[in-house]
Amino acid sequence: MYIDCHAHFTTVPDALKKWRDRQIAEIEQNGRHLSPDGLEIADDEIAAALTENQLALQTQHGIDLALLSPIAGKMAHHYGDQETSLTWSRLANDTVHRASVLFPDSFANVCQLPQSPRGDVQVSIDELRRCVEELGFVGCNLNPDPSDGYWQAPPITDRFYYPLYQAMVELGVPAMVHSSMSANPAVHGTCAHYLNGDTTAFMQILQSDLFRDFPDLRLILPHGGGAAPYHWGRYQGVMHDQGRGDLLDIMGDNLYFDTCVYGARGLQLLVDTVPTKNILFASEMVGAVRGVDPETGHRYDDTRFLLESLEGVSSSQLQSIAAENALKVFPRLRERLREQGRLDQRTQSLPASAAAN
């Protein structure tokens, strides 16, 4: 079984994208909040958007289940105010929820949070609870920079976020630390700002006592952890110089990296550097990179092909990365699969037939 922990519903019906554009224009130009009343999207439209894109690629790449979240780039928390973000987040989250209702065997959901540069963290907590307790979401995305490219927010390890982390631990859901669009013209969104966000969050965590304060908190750094695997020695050396100890001890069972690395050499570095138990399979499909690599003939985001082509990765390691680690990091996902009869009822693990696929 392959569980993709990082997928976005980037191909949502145009009506939703157009509504978001109107909402931004209304608040930015006129200072008014656009009501979502009257926005109508049929189930057939959502089904078509998924069948023709996400589901087709999941089948092609051999992915059994994807954790689907709203479009990361359109979280765009810097627009408007807290009400702007809340209205948009609820619409975006409700849309991916409908996707999982239509295709329950193919998708589980991760929500975006209604963050705002001047917002109240309680609003994010309330939306998280709604999504988890009422809609069955299994995780959330946390934007480390709600100013979207200008880094005007406190670090994610600041006590400002502690009430959110307390709620996450209570609900049993992890967060993927995922940036949104870049509003800074000097910083490209997907190839600079996203990777900057991953790298910055990694360093913030290393210099904090976050996991001592929340030993059951679990965070995922997407896109292979940004610069972290490539400069592992630099981070390790700084931690030793500061008397903070070993990177692996700081990470423990709290910090994870995904496999959204679109070249074999980069992915090889990731699995050679980061412990297997701290790596989750992911493709970010359909995401920032959608073309075909002329060297391999495979799509760049066909990360299953890349992972299985690596040297020195045992079958047990592959099984852990492909699905087993995700079931540990996302306990609500494990429960969901159990209810669907896709886990061994006695061991609460993947049945041998699924693990061998």
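**Close-up views of a predicted model**

**View 1. Leu67 of β2 and its partner in β3.** Leu67 stands opposite Ala108 in β3. The model is predicted. Strand β3 covers residues 107-112 and runs parallel to β2, with three bridges joining the two. Leu67 points one way from β2 together with Leu65 and Ser69. Ala66 and Leu68 point the other way. Residues on both faces of β2 are buried. Strand β2 spans residues 65-69, and five of its five residues are buried.

**View 2. Strand β1 beside β2.** Strand β1 (residues 3-8) pairs with β2 in the parallel sense. Four bridges hold the pairing. Ile3 stands opposite Leu65 of β2. Further along, Ala7 has Leu68 as its bridge partner. How many residues of β1 are buried? Six of the six are, so the strand is largely enclosed by the rest of the structure.

**View 3. Leu128 in the largest nonpolar core.** This core has 80 residues. Leu128, Tyr165, Met168 and Leu219 touch the most other members. Which residues does Leu128 contact, leaving aside neighbours within four places in sequence? They are Cys111, Leu113, Cys140, Leu164, Met168, Leu171 and Val173. In soluble globular proteins, nonpolar side chains tend to be buried together.

**View 4. Helix α6 and its cover.** Helix α6 runs over residues 189-206. Its 18 residues should span 26 Å at 1.5 Å a residue, and the end C-alpha atoms are 24 Å apart, which agrees. Both end residues, Gly189 and Leu206, are buried. Between them, the buried residues include His193, Tyr194, Gly197, Asp198 and Thr199. A further buried stretch comprises Ala201, Phe202, Met203, Gln204, Ile205 and Leu206. What covers the buried residues of α6? The cover includes helices α7 (210-213), α8 (232-241) and α9 (247-251). It also includes strands β5 (175-177), β6 (219-221) and β7 (255-258).

**View 5. Glu40 in the loop between α1 and α2.** Helix α1 covers 14-30 and helix α2 covers 43-61, with Glu40 in the loop between them. Is Glu40 buried or exposed? Its relative accessibility is 68%, so Glu40 counts as exposed. Thr200 is 160 residues away along the chain. The C-alpha atoms of Glu40 and Thr200 are separated by 39 Å.

**View 6. The whole chain, for orientation.** The secondary structure comes to 14 helices and eight strands. The radius of gyration is 19 Å, close to the 21 Å that the globule rule gives for 357 residues, so the chain is as compact as a globular protein of that length. Taken along the principal axes, the C-alpha atoms fill a box of roughly 60 × 50 × 45 Å. Of the 357 residues, 55% count as buried. The chain exposes about 14800 Å², and carbon and sulfur atoms supply 47% of that area. Among contacts with a separation of 6 or more, residues 24 or more positions apart account for 76%.

How values were computed: Residues are numbered from 1 along each chain as its sequence is written. This is a predicted model: local features need pLDDT of at least 70, side-chain atom pairs count only at pLDDT 80 or more; totals for chains, interfaces and linings use all residues. Side-chain values use heavy atoms; hydrogens and water are left out. A nonpolar core is a set of buried Ala, Val, Leu, Ile, Met, Phe, Trp, Tyr and Cys residues joined through side-chain atoms within 4.5 Å. Buried means under 20% relative accessible area, exposed over 50%, partly exposed in between (1.4 Å probe, protein chains only). Contact means heavy atoms within 4.5 Å. Two strands pair if DSSP finds at least two bridges between them. The radius of gyration is taken over C-alpha atoms; the globule rule is 2.2 Å times the number of residues to the power 0.38. Accessible areas come from the Shrake-Rupley method with a 1.4 Å probe; for residues, only the protein chains shown count as cover. The expected span of a helix is 1.5 Å times one less than its number of residues.
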